[in-house]
Amino acid sequence: MNQRPRVDSTPIPFIDVAAQRRRLGRAVDEAIDRVVDHCQFIQGPEVKAFEGQLAAFCGARHAVSCASGTDALVLVLRARGIGPGDAVICPSFTFCATAEVVVLVGATPVFADVDAETFNLNVASFERAIATAKRQGLKPKAVIPVDLFGLPADLDAINAIAKAEGLYVLDDAAQSFGATIGGRKLGTLAHATATSFFPAKPLGCYGDGGAVLTDDAELVEVLKSLRVHGQGSDKYDNVRIGMTSRLDTIQAAILIEKLKIFTDEIAARDRAARRYSEGLKDIAIVPQVPDDMTSVWAQYTIRLKPGVRDGLAAALKAQGIPTAIYYPIPLHRQGAYRQFPVVDGGLPVSERLASEVISLPMHAYLDEPTQDRIIDAVRNELGRN
Ligand SMILES: *Cc1c(COP(=O)(O)O)cnc(C)c1O
């Protein structure tokens, strides 16, 4: 008789939004109903309440909500008057929005490399990119470090260099809201910090949304004007060219409920990440968190030997286990971004990572039996190589 071990191949979700919804019970539905009843869909009372709670959560003086994480970045660049002739340094190994916003305001992104261990902006490469920008006749005005996969960039070192060079620091915390350096939460560790509430982010809403965190009261006034068509003292007084970028009241109401359980969810993600690393550290390169930092694990991303990734992804898929590649092509190799300058010496780490990384299912509701199924499947497949 052919005795084959039975393999459970029930599909596992990459991010289990439904599990969170079950936990929240009726709270979100009731919050939505309240907005539908009071009908203040734009800038209703929940928006202001949520901004206050978001700022308090991370310890920033101010939070200004807007329509997306991308808009949060654009709004800050525009408020700073960054535009044609200016260079903004950013990593190439990131989601496209980080560099897209620089181009949208008419400035030039200059791509710098990342560290293989943290996936975040390499400090020496950042410094070199400032020199590259100057040599090309551009005025370096800002840096957008990205806290990739939920782990803070080395903001202490980046802030020090930016200060010496007169650069503005806009932290892209779209994946990392809630993470810390030295016990302090992101939102307080750069001139301005942008985050996203896209549903798949650690703190996601039920649509698009974003926010800027800052201690800078003057910036806040400009951001609030810019997000409503550059309004001045009233709606029909326009003092600058703005845009439409508000967080819907319904999304704010949902986020108020989700923020209540966010600390607990971060802890659950961290437990899941530690279990993954315990189970996989001898067989793949597992993510490293520097001693003074915490991650919110937007992604759990391992690195593999060259040539094994496609086989692993296919084997896991056959067992109902989804994986994702963040990011298969670094931005400086993308058609839309190829014409922009790269740091002198190139981006060897970004290029290598693009072919090595694979992300495993990660969310706050990943139970241990399910996680063990994933770990066993990865071990079985990699053990073959
Ligand atoms: C998701 C993301 C953004 C953009 O956020 P949206 O809300 O989708 O506009 C920007 N930067 C990074 C690194 C992201 O992951």
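How many bridges join strand β6 to β10? Two of them, with β6 (residues 180–181) and β10 running antiparallel. Here are my notes for you, point by point.

1. Ground rules. This is a predicted model, in which local features need pLDDT of at least 70 and side-chain atom pairs count only at pLDDT 80 or more, while totals for chains, interfaces and linings use all residues. Numbering starts from 1 along each chain as its sequence is written, and side-chain values use heavy atoms, with hydrogens and water left out.

2. β6 belongs to an open sheet of three strands in the order β7-β6-β10, with antiparallel pairing. β7 (184–185) and β10 (293–294) are the edge strands with a single partner each, so one side of each has no neighbour in the sheet. Within this sheet, Thr 180 has Thr 294 of β10 as its bridge partner. Strands (E, at least two residues) and helices (H or I, at least four) are DSSP runs, numbered from the N terminus, and two strands pair if DSSP finds at least two bridges between them.

3. Strand β1. Four of the five residues of β1 (residues 62–66) are buried, so the strand is largely enclosed by the rest of the structure. Here buried means under 20% relative accessible area, exposed over 50%, and partly exposed in between (1.4 Å probe, protein chains only). β1 is joined to β9 (residues 210–214) by five bridges, and the two run antiparallel. Opposite Cys 66 you will find Gly 210 in β9.

4. Strand β2. In β2 (residues 86–91), six of six residues are buried. Asp 86, Val 88 and Cys 90 point one way, Ala 87, Ile 89 and Pro 91 the other. β2 pairs in the parallel sense with β4 (residues 139–143) over four bridges, and there Val 88 has Ala 142 as its bridge partner. β2 also runs parallel to β3 (residues 108–112), joined by five bridges, with Ala 87 standing opposite Thr 108.

5. Helix α11. In α11 (residues 309–318), the buried residues are Arg 309, Leu 312, Ala 315 and Leu 316. These residues cover an arc of only 135° around the axis, which puts them on the same side of the helix; the arc is that of the directions from the helix axis to the C-beta atoms. Asp 310, Lys 317 and Ala 318 are exposed on the other side. The buried residues pack against α12 (348–356), β12 (357–360) and α13 (368–384), where contact means heavy atoms within 4.5 Å. After α11 comes Gly 320, whose phi is positive, near 80°.

6. The largest pocket. Its volume is about 470 Å³, and 25 residues line it, with Phe 95, Gln 175, Ser 196, Phe 198 and Lys 201 nearest its centre. A pocket is an open set of points on a 1 Å grid over the protein atoms alone, with protein on both sides within 12 Å along at least five of seven lines; lining residues have an atom within 4 Å of a point. α4 (69–79) and α5 (97–104) each supply at least two lining residues, and α4 gives the most, with three. The lining divides into 13 nonpolar, nine polar and three charged residues.

7. The cavity. The structure holds one cavity of 30 Å³ or more, a cavity being a set of grid points where a 1.4 Å probe fits but cannot get out. The largest cavity has a volume of about 90 Å³; volumes are the space filled by probe spheres set on the points, which are joined across faces, edges and corners. Among its 13 lining residues, Phe 119, Phe 149, Leu 151, Pro 287 and Trp 297 lie nearest the centre.

Notes:
Ala, Val, Leu, Ile, Met, Phe, Trp, Tyr, Cys and Pro count as nonpolar, Asp, Glu, Lys and Arg as charged, and the others, Gly among them, as polar.
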